[in-house]
Amino acid sequence: MRPTEIDALRNRASAAHRAGKIAEARAFYARYLALRPDDGGIWSNVGALLRSQQQHTLALRAQERAYALMPDAPGLRNNLANILSDLGHYDRSIALREEILQRAPQDKSQRAMIGRCLRGLGRYSDAIDYLKAAEADHPDDSEIKLQRAFAELGEGRYGEAFRTYDVRWQSEEMTPRQIDLPQWDGGDLAGKTVLVLPEQGFGDAVLFARFLPALRQHCARVLFLAERPLVRLFDGLDGADWVGTELPATEKVDCWINLMDMPLLVFGADNSGVIPAPTCLNIPADSATRAKAIVGPHKGKFKIGVVWSGSATYKGNSFRSFSHRQFHPLVDVPDVQLFSLYKGPFLEAFVADGTSLLIQDTASTDRDFADCAATMQQMDLIITADTATAHIAGSLGVPTWVLLHWDPFWVFRHSGDTTDWYPEMQLYRQPNPLDWDSVFAKVETDLRKRVTKWKKEQKRG
């Protein structure tokens, strides 16, 4: 192939990549690199493509090749630092970013990401101090402030954190509200009717619903807007005068408040305040009847509800989730029956490989989260990834084991086997990034002990 043809192939690969034609770009990149394996820039492009497709370990290999070929290229160094951050190699990512800053000291994105890496290491105070210093140099940068908010949440500085977290509406991931009503400005709410608006995920709604009673103490009436899958679960929610998916035309509202701004009514600027107990959830009678029918044939078994993935659209889902096959060894524990509580696109693989023959599918026919919660109440134990299931189970008070990746949600922090937000939960953590095998080995050991104890209690009872 002539040099001009090779160059044309390179251009076609890059153009397909930019156009989002992933399969086409992969094919062109492969053909080009077979002829020009020493092109560091294209290896970096390949790494970026693989990263966008959640193929992180392959992306790292591609970026390592790019960096080895062009170690002085700032863009390639940044791309390597990004995938290293993704995979929990924080110390090396920080070192690369500091090298970039030596040449480009005003690169504020590197400052934000160094703070993020420090938080990923569980060094919350160091992250906060570093990011505050970065803010002094870049006071208008929303990403630096957002990373500080996450570090403050991990540190438990909730008063500061939820005030700082208002910057989320300036980030790329949140779209500012466009509502013809005044937003609560932090002022007196006495005698007013307040509308609480949902934001982010289902689990967040369950987590933050506990703050409704505090809001209710400050105003005359609380209206809580919920996503449809949660409405029946939230029926009669403590602190809410009304729960629904659409505001009735007859309701007159004085102002609205974001779901995640309610903690400001509990936690002071000095980080005082006590975490409220999880909210009480509603289990409709028909959901309870359905759940009892599901578990009825398994009388005498230790019943475990399992979930292996959260929302597939969440950008960090590939790290917090794991394969349903990880549960296979638990099927072998005597006197145990597993039930899948998962509902989503990964159910197809669960059925296709025969796992559903051994782990009973209960969730594919769920109408909503109320049905799921009712099934949970029939379980002796819930074992779940960090997803909405964990928040519902924790709120119900069902014994729950949450399996966490190395850089978990701030509610679970980076150490310890419990959380103040759900006191009855037990947490299992990856000892190293991507290492789910060690987590499940520990889970199996603990489960066998628990079932042995349960069997003895059954005989005595």
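Helix 4 and helix 5 run roughly antiparallel to each other in this predicted model. Helix 4 spans residues 56-69 and helix 5 spans residues 74-86. The two pack at an angle of about 150°, with their axes 9 Å apart. Angles over 145 degrees count as roughly antiparallel, so the pair falls in that class. The crossing of helix 4 and helix 5 is left-handed. Helix 4 contributes His56, Ala59, Leu60, Gln63, Glu64, Ala66 and Tyr67 to the contact. Helix 5 contributes Leu76, Arg77, Asn79, Leu80, Ile83, Leu84 and Asp86. By class, the contact of helix 4 with helix 5 has 8 nonpolar, 3 polar and 3 charged residues.

Helix 1 (residues 3-18) and helix 3 (residues 40-52) form another pair. Their axes come within 11 Å and cross at roughly 25°. Angles under 35 degrees count as roughly parallel, and helix 1 and helix 3 are therefore roughly parallel to each other. Their crossing is left-handed. On helix 1, the contact is made by Arg10, Ser14 and His17. On helix 3, the contact residues are Ile42, Asn45, Ala48 and Leu49. By class, the contact of helix 1 with helix 3 has 3 nonpolar, 3 polar and 1 charged residues.

Asp39 sits in the loop between helix 2 (22-35) and helix 3, so the pair links distant parts of the chain, 29 residues apart. The relative accessibility of Asp39 is 13%, and Asp39 counts as buried. Arg10, at 28%, counts as partly exposed.

Across the whole structure, the search finds 28 salt bridges. Glu135 and Arg148 form one of them, and their closest N and O atoms are 2.3 Å apart. Glu135 belongs to helix 8 (residues 124-137) and Arg148 to helix 9 (residues 142-155). The two partners are 13 residues apart. Glu135 counts as buried at 13% relative accessibility. Arg148 is buried, with a relative accessible area of 13%.

Another salt bridge joins the side chains of Arg168 and Asp261, at 3.2 Å from N to O. Arg168 lies in the loop between helix 10 (158-164) and strand 1 (193-197). Asp261 lies in the loop between strand 4 (255-258) and helix 13 (285-295). The pair therefore ties together parts that are 93 residues apart in sequence. Arg168 has 1% relative accessibility and counts as buried. Asp261 has 6% and also counts as buried. Elsewhere, salt bridges that share partners join Arg232, Asp286, Arg367, Asp368 and Asp371 into one network.

Helix 18 (residues 388-396) is mostly covered. Of its 9 residues, 9 are buried. These are Ala388, Thr389, Ala390, His391, Ile392, Ala393, Gly394, Ser395 and Leu396. Just after helix 18, Gly397 takes a positive phi of about 80°.

Positive phi values also occur in residues other than glycine. Most residues other than glycine have a negative phi. Gln200 has a phi near 65°, a positive value. Gln200 is found in the loop between strand 1 and helix 11. At 43% relative accessibility, Gln200 counts as partly exposed. Asn271 has a phi near 70°, again a positive value. The loop between strand 4 and helix 13 holds Asn271. Asn271 is partly exposed, with a relative accessible area of 26%.

Thr365 lies in the loop between strand 7 (360-361) and helix 17. Its relative accessibility is 56%, and Thr365 counts as exposed. Thr365 and Arg18 are 347 residues apart along the chain. Their C-alpha atoms are separated by 40 Å.

Definitions and conventions
Residues are numbered from 1 along each chain as its sequence is written. Side-chain values use heavy atoms; hydrogens and water are left out. Axes are lines fitted to C-alpha atoms, for helices over the stretch in contact, and angles run from 0 to 180 degrees between N-to-C directions. Helices (H or I, at least four residues) and strands (E, at least two) are DSSP runs, numbered from the N terminus. Angles under 35 degrees count as roughly parallel, over 145 as roughly antiparallel, 65 to 115 as roughly perpendicular and the rest as oblique. A crossing is left-handed if the near helix is turned anticlockwise from the far one by less than a right angle, and right-handed if clockwise. Contact means heavy atoms within 4.5 Å. Ala, Val, Leu, Ile, Met, Phe, Trp, Tyr, Cys and Pro count as nonpolar, Asp, Glu, Lys and Arg as charged, and the others, Gly among them, as polar. Buried means under 20% relative accessible area, exposed over 50%, partly exposed in between (1.4 Å probe, protein chains only). A salt bridge is a side-chain nitrogen of Lys or Arg within 4 Å of a carboxyl oxygen of Asp or Glu.
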